[in-house]
Amino acid sequence: MFSEKNQKKIKNRLKKIYKSSIPNETINEHCREIISIISKFNKKNKKKKLLVSQQTSVVICYGDSISDGSQKNQINVFQRFYNKKLKNYFNTVHFLPFYPSSSDSGFAVKDHYKIDNKLGNWSDIKRFSKKNNIMADIVINHSSARGLWFRNFLKEKRPGKNYFITVDAKYNVSNVVRPRDHKLLKNISIFKKNEYLWRTFSADQIDLNFKNPAVLMRFIKIMINLVSHGVTIFRLDAIAYLWKKSGSKCINLDQTHEIIKLLKFVSSCLNIKTLIVTETNLPEKENLSYFGNSDEADWIYNFSLAPLLVHAFLFENSSFLNKWSERLPQAKKGNSYLNFIASHDGIGMRPIEGILNKQIVQKFFKRLKKNGSKFSYRKIQQKTKKVYEANITIYDALKKSDFDKTGKFSFQRYISAHSIMISFEGVPAIYFNSLFGTSNDEAKFIITGNNRDVNRYKWNDKNISKKLSDKKSKQSIFYKSITNLLNIKQQQKAFHPNALRTIINLGPKFFCFKRISIDKKQTILCITNLTSKHQITKLNKKYLYWKNLINTKTSFKENNKFQLKPFETLWLSNK
């Protein structure tokens, strides 16, 4: 039975979203509809928990990250590979959008209720979810210009009627914060009026109109549909741009936060436990705001980690990484950072705003460009543009530096960067291609001209399996090194996502922090040499007698001091 208290919470959330723009009776009607949806779901589903612990690790992939050459059931191909090579190290699979799509590698969704035919069907996802957590995207800000909703929008038919944002020439967009550099508005004559369609991300991705409560109700139903098919973790794609207001920045508005709070509350009422993850590639203060008061995102992407970590390794200097990590607040119990250093997109640069100055940023971009990076831009105040992200694989980003121009230590840099990400406070998420040290896919980029395609290589099943069976192959060496770190992590209570993190500043040549288990019984000291030279440092002598979890055979002691090889990481445990 749905309690009166919960009914009131839903109603209050709806009132905060729509304020006085819709009548009370409409609010009550939608409140009853939400309660009905939740009640029907719970009648059909028994209670099921979702446990998050040191054993929680995420692999990020497309449904066809591995292909057998056919045009069907690619999710099954991935699952076979996962069962052979990944299931011992990951318990969560983040499938990037698997819906029918017209562009942007799945992010221009044509139908949120279907799976792309070549990838499989809902039963494939449901089967996969029986032994693993499935994370999926709710592409909530926009929808395809070639989808059913937009076709119906143009005909004023349902579903789709009033689903998309149109504005007139008087609408003030001068302060809008842009993640892209194309033209925001498209002049179009519809409904016998001259209006403009809003397109935050591309000409093919039309922004949805959440001022129409029917759109919000639609996405609550989409969320419930995903849970019914085995999805228990939701990535709210581009959520920060959801609500628009004339004259404002049209990002991070109060109504956006209220919508997340409503989705979080709905998910908390379901018998099957689910998690909300917000994807907000923004300066850190704005990103952190999506935790709310533990009433919004369960997890937020730790966007600052990737660019700061890459910068520290390329310039052999942890000063900015240390300062940032000292200020980063500990996530509250039940909340978590989602740590990653590579994704299907690029290395986001908005998170370093206010951390790295202009001169340092330009030097950073120059080094990345030498390593093969393309750059995507965003518009600033209509005319000027600024780098939004560096489009490069993490392997190529770390391959060479001004200190190591031949790439002698590329492997060591790469593995240590992953060791920091895996051991840092939060849940680690590893992009599938990163497991094999994949380089930029220049061939795909030449064909499509899309910067992001350099990091979206698709593997042939037989090809990658053959490479992994060869112990001397690059792919096999990288795979074994990274999965070894994940295997160690799973067994350490001090690597629980909510285990305490304390930064130890040893100067610019090292990055060092402690993790202390929730029960206070285990402490792990994580220390990395960020330089291409042997380094010696002094710490409390007690650490000299602790166990090195990564390599028990390697000595790190010299005259009661720590000696680390170039780009070496130690995980020292008291037990």
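I began with helix 3 (residues 74–85) and helix 4 (residues 122–129), which pack at an angle of about 15° with their axes 10 Å apart. That makes helix 3 roughly parallel to helix 4 (angles under 35 degrees count as such). Axes here are lines fitted to C-alpha atoms over the stretch in contact, with angles from 0 to 180 degrees between N-to-C directions. Helices are DSSP runs of H or I with at least four residues, and strands are E runs of at least two, numbered from the N terminus.

A note on the source: this is a predicted model, where local features need pLDDT of at least 70 and side-chain atom pairs count only at pLDDT 80 or more, while totals for chains, interfaces and linings use all residues. Residues are numbered from 1 along each chain as its sequence is written, and side-chain values use heavy atoms, leaving out hydrogens and water.

Next I looked up helix 2 (residues 24–44) and helix 6 (residues 213–228), whose axes come within 11 Å and cross at roughly 5°. Helix 2 and helix 6 are therefore roughly parallel to each other. Their contact (heavy atoms within 4.5 Å) includes Ile 34 and Phe 41 of helix 2 and Met 217 and Ile 224 of helix 6.

Then I turned to the sheet: five strands form an open one in the order 19-20-21-26-23, with antiparallel pairing. Two strands pair if DSSP finds at least two bridges between them. I found strand 19 (500–503) and strand 23 (547–548) at the edges, each pairing on one side only. Strand 20 (residues 510–516) and strand 21 (residues 523–529) pair over seven bridges, and Lys 514 has Leu 525 of strand 21 as its bridge partner.

Conventions. Angles under 35 degrees count as roughly parallel, over 145 as roughly antiparallel, 65 to 115 as roughly perpendicular and the rest as oblique.
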